[in-house]
Amino acid sequence: MGDKISLAKPKIIKFEWDFPLDFVVVIDTREQDQLFKRPTKGLVIVRNKLEAGDYSVRGFESSISIERKHLSDLHQSLGRERERFKRELERLKLYECKWLVIEANEDECLSFQHFGGMHPNAIRQSLASIECRYGIAVHYQPDRRKLERWVLDRLLRFYRIKRGD
């Protein structure tokens, strides 16, 4: 007599945010396909020019930054626009917390893409260099909603740590 296996779907618990009243996400004005098009209840978003990256927190714009890239944008930044991207990475290097989030999964990112023309080994080495040379962690996430949650988790945690919460 073995154990019974339950075929019932696991209960999904809805996550609810509790934003401090003065917590404000800053999105760079140059960010075209921004996250948070339908913001979570209570989330305040403003668009301002950021010196580096695409997402930050008001009051900490020079301390925390998240740079987001679509797959085609990443290939362009690592290839044809490499010098411009390196200047941005140099600015990000100075931040206390910084990430490069790629809106794709790692396998997709590191496979040959005809539109980019870059060899997967060149992409892999470029991303390793970003982490080692600039201290910028690379995160992959193809799911937009999960990416929004990931970004908010980091921005909010940083904010609360800095505020002593």
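I take buried to mean under 20% relative accessible area, exposed to mean over 50%, and partly exposed to mean in between, with a 1.4 Å probe and protein chains only. By that scale I noted Asp18 as exposed, at 58% relative accessibility.

**Ground rules.** I am working on a predicted model, in which local features need pLDDT of at least 70 and side-chain atom pairs count only at pLDDT 80 or more, while totals for chains, interfaces and linings use all residues. Residues are numbered from 1 along each chain as its sequence is written, and side-chain values use heavy atoms, with hydrogens and water left out.

**Confidence and layout.** I looked up the pLDDT, the predictor's confidence in each residue from 0 to 100, and found that the protein averages 89, with 88% of the residues scoring at least 70. For the elements I rely on DSSP runs, numbered from the N terminus, where helices are H or I of at least four residues and strands are E of at least two. I count five helices and six strands, and from the N terminus on they run β-β-β-β-α-α-β-α-α-β-α. Confidence is lowest in helix α3 (residues 106–109), at a mean of 86, and highest in strand β3 (residues 55–57), at 98. Of the 165 residues, 43% count as buried.

**Contacts.** I use contact for heavy atoms within 4.5 Å. Among contacts between residues at least 6 apart in sequence, 67% join residues at least 24 apart.

**Helices α1 and α2.** How do α1 and α2 pack, and at what angle? Helix α1 (residues 71–78) and helix α2 (residues 82–93) pack at about 95°, with their axes 6 Å apart; the axes are lines fitted to C-alpha atoms, for helices over the stretch in contact, and angles run from 0 to 180 degrees between N-to-C directions. I therefore record α1 and α2 as roughly perpendicular to each other, since angles of 65 to 115 degrees count so, whereas those under 35 are roughly parallel, those over 145 roughly antiparallel and the rest oblique. The contact is made by Gln76, Ser77 and Leu78 of α1 and by Arg82, Arg84 and Phe85 of α2. These residues divide into two nonpolar, two polar and two charged, where Ala, Val, Leu, Ile, Met, Phe, Trp, Tyr, Cys and Pro count as nonpolar, Asp, Glu, Lys and Arg as charged, and the others, Gly among them, as polar.

**The loop between β1 and β2.** I found Phe36 in the loop between β1 (24–28) and β2 (44–48), with a positive phi of about 60° although Phe36 is not a glycine. Phe36 is buried, at a relative accessible area of 2%. Pro39 is found in that loop between β1 and β2 and counts as partly exposed, at 42%.

**Asp18 and Arg160.** Asp18 is found in the segment before β1, and its C-alpha atom is separated by 9.3 Å from that of Lys41, 23 residues apart along the chain. Which residues does Arg160 touch, not counting those up to four places away in sequence? Arg160 touches Asp18, Phe19, Pro20 and Asp165. Arg160 is found in helix α5 (residues 144–163) and counts as buried, at 18% relative accessibility.

**Cysteines.** I looked for disulfides, meaning pairs of cysteine sulfur atoms within 2.5 Å, and a search of the whole structure finds zero. Cys109 is buried, with a relative accessible area of 0%, whereas Cys132 counts as exposed, at 70%.
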